[in-house]
Amino acid sequence: MNIQSLLENDATDTNLWFLHRGTIEPKGGTGAHFHNQCEEMFVILDGEAQFTIDGHTSLIKGPAGAPVRMGSSHAIYNPTDRRVEWMNINVAALKGIYDAFNLDDPRVNVPLEPIPNFMVARFDRALLRDVGSLNGGKGTAQARRVLDRTVFRANWGYLDHILVPPGASIGPSTDAEIGGFYYVLSGAGSVTVGAETAPIRAHDAVPLSFNQTKSLA
């Protein structure tokens with residue numbers, strides 16, 4: 001696997017432990033392991049991969065991810081002949097505390113279940129719905145809440161999938177209890193955090209702390 005660190009635990013004042021992205025090479029992956037002090041979500045941005053949670057393995061087509069609650073074993077494996085774009089999000093139950101226990105199980109050549117016996121987050125544009133003037137922004141965006149806080153046990157807030165067409169924008173918003181990050185799946189635009197505006201493009205990540213006003217165009 002090839003891994004790049006986009007954000008680490010000091011990037012925001014939230015409980016985000018890290019945001020990593022990279023590629024899973026053919027016949028590569030992360031073996032089974034679990035965390036008791038944090039929660040994780042593997043995401044594939046293209047292709048397909050075998051996700052395992054608590055011993056259940058299914059082939060998932062991207063873009064999609066699988067949230068993993070604390071104490072649940074998980075793994076990912078690329079059985080194909082092409083590399084897969086991959087992302088990993090980890091959030092600690094208590095800020096600054098991380099743990100991992102390796103099960104020494106590569107999860108290779110295991111039986112597949114045709115219907116996943118675990119939660120799957122799908123980033124399918126066909127599931128998006130029109131939202132006019134999102135947070136007071138321009139034009140019509142498309143949005144969907146993929147996962148909400150009830151899915152997790154650690155300090156996740158939610159996971160949204162948003163498409164901002166050319167000329168549209170997400171208006172400014174501030175939240176005293178929600179931070180996190182923007183991650184750009186495709187395209188390019190600009191983001192404003194506080195008084196600073198910067199260009200963004202595919203695979204950029206923008207950290208967001210509590211009480212920061214942010215907008216995107």
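**Exercise 1.** Is Glu25 buried, partly exposed or exposed?

*Solution.* The model is a predicted one. Step 1: the relative accessible area of Glu25 is 23%. Step 2: buried means under 20% and exposed means over 50%, with partly exposed in between. Step 3: Glu25 is therefore partly exposed.

**Exercise 2.** Determine which residue forms a salt bridge with Glu25, and state which parts of the chain the pair ties together.

*Solution.* Step 1: the partner is Arg83, and the closest N and O atoms are 3.4 Å apart. Step 2: Glu25 lies in the loop between strand 2 (16–24) and strand 3 (29–34), whereas Arg83 lies in the loop between strand 8 (74–77) and strand 9 (84–92), so the pair ties together parts that are 58 residues apart in sequence. Step 3: Arg83 has 47% relative accessibility and counts as partly exposed.

**Exercise 3.** Describe the contacts of Arg145 with Asp160 and with Tyr158.

*Solution.* Step 1: Arg145 and Asp160 form a salt bridge, with the closest N and O atoms 2.8 Å apart. Step 2: this pair links distant parts of the chain, Asp160 being in strand 14 (residues 159–163) and Arg145 in strand 13 (residues 140–147), 15 residues apart. Step 3: Arg145 also lies over the face of Tyr158, at 3.8 Å from the ring centre.

**Exercise 4.** Classify the aromatic pair of Phe152 and Trp156.

*Solution.* Step 1: the search of the whole structure gives five aromatic pairs. Step 2: the ring centres of Phe152 and Trp156 are 4.2 Å apart and the planes are at 5°, so the pair is stacked. Step 3: both Phe152 and Trp156 are buried.

Note on methods:
Residues are numbered from 1 along each chain as its sequence is written. This is a predicted model: local features need pLDDT of at least 70, side-chain atom pairs count only at pLDDT 80 or more; totals for chains, interfaces and linings use all residues. Side-chain values use heavy atoms; hydrogens and water are left out. Rings of Phe, Tyr and Trp (its six-membered ring) pair if their centres lie within 6.5 Å; planes under 30 degrees apart count as stacked, over 60 as edge-to-face and the rest as tilted. Buried means under 20% relative accessible area, exposed over 50%, partly exposed in between (1.4 Å probe, protein chains only). A charge sits over a ring if NZ of Lys or CZ of Arg is within 6 Å of the ring centre and within 35 degrees of the ring normal. A salt bridge is a side-chain nitrogen of Lys or Arg within 4 Å of a carboxyl oxygen of Asp or Glu. Helices (H or I, at least four residues) and strands (E, at least two) are DSSP runs, numbered from the N terminus.
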